[in-house]
Amino acid sequence: MSNPPIAKQVPTERTHHGDTVIDPYAWLTDPKDPEVIAYLEAENAYMEASTADLGPLRSEIFDEIKARTQETDLSVPVRKGNWWRYVRTVEGEQYAIHCRRRVRDGEITPPMPEDGKPLDGEEVLLDGNKLAAGAAFFSLGALSVSPDERLLAYSTDFSGDERFTLRVKDLATGVVLDDEVPNTYYGCAWSRDGSTLFYITVDDAWRPYRVWLHTIGTPASADVVVFEEGDEKFWLGVGLTRDERYIEINTSSKLTSEAWLLDAADPAGSFAVVAPRRFGIEYSVEVAGDRLLVLHNDGAENFELAAAPLPGAPGFGDPSSWTPVLPHRADTRLLSVDAFADYLVVSYRRDGLTGLSVLPPSGAGPERPVTFPEPLYTVGPGSNPEYTQTRFRLGYTSMVTPSTVYDLDLATGALTLLKQQQVLPSPAGVAYEPAAYEQYREWAVAADGTRVPISIVCPKGTPRDGSAPCLLYGYGSYEHSIDPSFSIPRLSLLDRGFVFAVAHIRGGGEMGRPWYDNGKMLTKRNTFTDFVACAEHLVSSRWTSASRLVARGGSAGGLLMGAVANLAPSAFAGIVAQVPFVDALNSILDPSLPLTVTEWEEWGDPLHDPAVYEYMKSYTPYENVAAVSYPAIFAITSLNDTRVLYHEPAKWTARLRSVASGGPFLLKTEMEAGHGGRSGRYDAWQEEALVLAWIITTATGSAG
C-alpha cells in the first residue's frame with residue numbers, strides 16, 4: 001500500500017465572539033486552485049491503491065446487484081386524462097426513458113407487460129440515455145407535460161451542480177423549440193392553456209428565490225419575475241394543483257411557511273396569499289372542490305387539518321375563518337392530505353410507523369385505515385394526478401418486502417396488487433425468499449432515558465452471540481425519517497451473515513414533531529448520543545460486537561458519522577461517511593455559502609449568537625478530532641456538490657491523518673458529480689459495490 005498524501009498546513013485565522021481558531025486546511029476550499037485538485041487526485045490514487053485488494057469482492061457484489069435487478073423494466077403506468085404515463089429502463093442503458101400511451105376503450109387497470117418491454121402504441125416523451133450521450137453526469141430537474149398534452153417542459157444538468165437548463169419539446173412533432181432558459185432550479189408549472197410556463201431561479205447562495213413567467217415562443221430575455229422571496233431563510237417552490245385550477249407558490253424556512261395561489265387560466269394575474277406568514281407557523285394547501293384544506297401547526301405541534309375558503313371567497317387569506325376538519329393528536333403526526341371529489345386520504349405517522357386512512361370528503365365520519373400484517377413497513381401515497389379518480393395509488397415496502405404498488409378502491413377499501421419489484425436469482429441461481437430473513441423493532445435507551453427505536457433485518461437464525469457483523473445506518477436531521485425499506489444491494493450484506501439496522505434517532509421525524517425538535521439547535525447532541533446508544537444496544541443485546549460493527553450515514557448523516565467518531569471511536573470498527581457535513585461550524589458561519597442562512601433555523605446561528613457558536617464548536621467533527629485511535633473511515637464526496645462542499649471531508653480527512661491514530665482514513669472524490677454521487681445506475685452500482693466491499697472487509701477482516 002502506498003503512503004497516504006499529507007496535506008500541507010497553511011494557518012488561517014478565524015475569530016468570532018472573542019474566540020480565535022487556527023484552521024490549517026482552509027486552503028482546500030478553493031476548487032480552482034490546481035494544488036487543491038492535485039491533492040484530491042492524490043487522495044483518489046491512495047484510495048484506489050488501498051482498496052485494490054477489494055477488486056474481486058467488489059466485482060462479485062456488482063454482479064450480484066446486477067443479476068438480482070430486472071434491468072429491462074417498466075413502472076406501473078399512471079393515468080392522466082386520456083394517457084397512461086410511465087418510465088422504462090432498458091438493460092445496458094444507464095438512464096430512464098419517460099413515456100406515454102393513449103388509454104384504450106374500457107381500460108381501467110393499467111397495462112403491464114410482464115417483460116418490461118415498451119407498451120404497444122408507446123410515445124417516448126424523453127429518453128435520458130440519448131440526452132446523456134457522451135456526458136459523464138446527467139440529471140433531470142423538471143419533467144412536466146402541459147395540461148393540453150401538447151408540450152413537454154424539461155430541464156437538464158450535466159455537471160452535478162444542480163443548475164438546470166430548461167427547454168420545451170413539441171410532443172406532436174418531437175421538435176425541441178427554441179425556448180431555452182439557463183440556470184434554473186428544480187420544477188416548473190404550466191398555465192392551464194399551456195401558453196406560459198412558471199420556473200424558478202436561485203441567488204448567489206444557491207437559494208431558490210425568484211419565480212419567473214415564460215411565454216412559449218419568446219426569448220428568455222423577455223421573461224418576467226412574478227414573485228421574489230426577499231428573506232434569505234426562505235426557499236421557493238412552484239407547481240400546478242391536482243385539479244389544474246391554480247398555480248401554487250410555496251415559500252418556507254425551516255420554521256415558517258406561506259402559500260400563494262393564482263388562477264391557472266390567468267397567468268398574467270396576481271398571486272394571492274392563503275395566510276400571511278407568522279414565525280413558527282407551517283402550513284400546506286390542498287385544493288378540495290369548493291374549499292381549501294390546510295394542514296398546519298398553529299397550536300398543533302403534530303399538525304391538524306382545517307378547511308379554508310378559496311381565493312375570491314369571503315374569508316380567504318384570514319386564518320380566523322378556518323374551520324377544523326381533523327383535530328390535533330399528540331400520538332399522530334399528520335404528514336399530508338390528498339383530496340379527491342368523493343374522498344380524502346390522509347398520510348400520517350403513528351407509533352414510529354407510517355399510515356394511510358380514507359375519510360369522507362368532509363373529513364367527518366369514520367376513519368378507514370389501510371392495514372398491513374408486517375410488524376415493520378412503510379406505506380405512502382403514489383402518483384394520483386386526477387381529482388375525480390376513485391382509486392388511490394400507493395406504495396408499500398418493508399425490510400424484507402420489495403417495493404410494491406397497489407391501487408386502493410376508495411369506496412370499498414380493497415387493495416389490488418399492481419406490481420412488486422422483481423428480485424431475480426443471484427449469480428449462483430439462488431432465488432430471493434423473504435422468509436429467509438427476519439425483521440425486528442427494538443428500543444435502545446439513551447442517557448436521558450429516552451427510548452430510541454431501531455429497525456433490524458437479518459438472515460433467519462442469526463446467532464445472538466456477538467459474532468455477526470453489522471451495519472448501523474443513521475441520519476437524524478430535518479425531521480427526515482429513515483423508514484423501513486427494501487434494498488437489493490443490501491442482500492449482498494445479509495447473505496454474508498450481516499445484521500442491518502437503522503437507528504431512528506432524534507432529529508428525524510419517526511416519532512413525531514417533538515422527536516425532531518429534540519434533535520436540533522441546542523439539543524443537537526441528542527442525535528449523536530442516541531446513535532451511540534443504539535450501537536451499544538446492538539452490542540449488549542449480542543446482535544454484534546464493537547469490533548464487527550460499521551456505521552454509515554450521508555450528508556447530515558455524515559455529520560452524525562463524524563460526531564460519533566469523536567464521541568465513541570471505540571464503538572465501531574469502521575465508518576462510512578458520504579458527502580459528510582463535517583465542517584459544520586465553518587460552513588454555518590459563512591452566509592455566502594449555499595444553504596447557510598436557511599440552515600440557521602436547523603442548527604442555530606453561530607455568526608450572531610455566542611451560545612450557538614460555543615455549542616456547535618463543541619460537536620462539529622472537523623474541529624474536535626482528538627489524538628486518540630479512530631476506527632477505519634471511508635469518506636466519499638463530489639467536487640460539484642452544492643449542498644455539502646467537497647472541502648468538508650477533504651479537510652476532515654487531512655486533520656484525521658495529522659492528529660489521530662488508527663484508521664486508515666480514505667477519501668474518494670467524484671470529480672464529475674454532485675450531492676447524489678454518480679448519476680448513471682450502473683455507475684452507482686459500481687460505487688455501492690465498492691462501499692459494500694469495504695464494509696464487509698472492515699467488519700469481518702476478510703475480503704473473501
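Visitor: Which residues of α6 meet which residues of α7?
Guide: In this predicted model, Arg525, Thr527, Phe528, Thr529, Phe531 and Val532 are the residues of α6 that meet α7, where their partners are Leu559, Leu560, Met561, Ala563, Val564 and Leu567. Sorted by class, the residues of this contact of α6 with α7 come to nine nonpolar, two polar and one charged.

Visitor: And at what angle do those two helices pack?
Guide: Helix α6, which covers residues 525–540, and helix α7, which covers residues 556–567, pack at an angle of about 65°, and their axes lie 9 Å apart. Angles of 65 to 115 degrees count as roughly perpendicular, and α6 and α7 are therefore described as roughly perpendicular to each other.

Visitor: Is that crossing left-handed or right-handed?
Guide: The crossing in which α6 passes α7 is right-handed.

Visitor: OK, what about α2 and α12, how do they cross?
Guide: Helix α2 (residues 55–68) and helix α12 (residues 681–700) cross at roughly 130°, with axes that come within 8 Å. This pair, α2 and α12, is therefore oblique, and the crossing of α2 and α12 is right-handed.

Visitor: Which residues make that contact?
Guide: From α2 the contact takes Leu57, Arg58, Ile61, Phe62, Ile65 and Lys66, while the residues of α12 that take part include Tyr682, Trp685, Leu690 and Ile696. Across the contact of α2 with α12, eleven residues are nonpolar, two are polar and three are charged.

Visitor: Switching topic, how many cavities of 30 Å³ or more are there?
Guide: The count comes to three cavities of 30 Å³ or more, and the second largest cavity has a volume of about 60 Å³.

Visitor: What lines the second largest cavity?
Guide: Its lining is made up of Asp203, Ala205, Arg207, Glu232, Trp235, Pro591, Leu593, Leu595, Thr596, Val597 and Thr598. By class, the lining of the second largest cavity has six nonpolar, two polar and three charged residues.

Visitor: Where does the largest share of that lining come from?
Guide: Helix α9, which spans residues 596–603, gives the largest share of the lining of the second largest cavity, with three residues.

Visitor: Now the backbone: what kind of peptide bond joins Gly663 and Pro664?
Guide: The bond that joins Gly663 and Pro664 is a cis peptide bond, with omega about 5°. Pro664 has its place in the loop between β39 (661–662) and β40 (665–670).

Visitor: And what is the phi of Glu149?
Guide: Glu149 has a positive phi of about 65°, although this residue is not a glycine.

Visitor: Where is Glu149 found?
Guide: Glu149 is in the loop between β8 (139–145) and β9 (151–157).

Notes:
Residues are numbered from 1 along each chain as its sequence is written. This is a predicted model: local features need pLDDT of at least 70, side-chain atom pairs count only at pLDDT 80 or more; totals for chains, interfaces and linings use all residues. Side-chain values use heavy atoms; hydrogens and water are left out. Axes are lines fitted to C-alpha atoms, for helices over the stretch in contact, and angles run from 0 to 180 degrees between N-to-C directions. Helices (H or I, at least four residues) and strands (E, at least two) are DSSP runs, numbered from the N terminus. Angles under 35 degrees count as roughly parallel, over 145 as roughly antiparallel, 65 to 115 as roughly perpendicular and the rest as oblique. A crossing is left-handed if the near helix is turned anticlockwise from the far one by less than a right angle, and right-handed if clockwise. Contact means heavy atoms within 4.5 Å. Ala, Val, Leu, Ile, Met, Phe, Trp, Tyr, Cys and Pro count as nonpolar, Asp, Glu, Lys and Arg as charged, and the others, Gly among them, as polar. On a 1 Å grid over the protein atoms alone, a cavity is a set of points where a 1.4 Å probe fits but cannot get out, and a pocket is an open set with protein on both sides within 12 Å along at least five of seven lines; lining residues have an atom within 4 Å of a point. Grid points are joined across faces, edges and corners, and a volume is the space filled by probe spheres set on the points.
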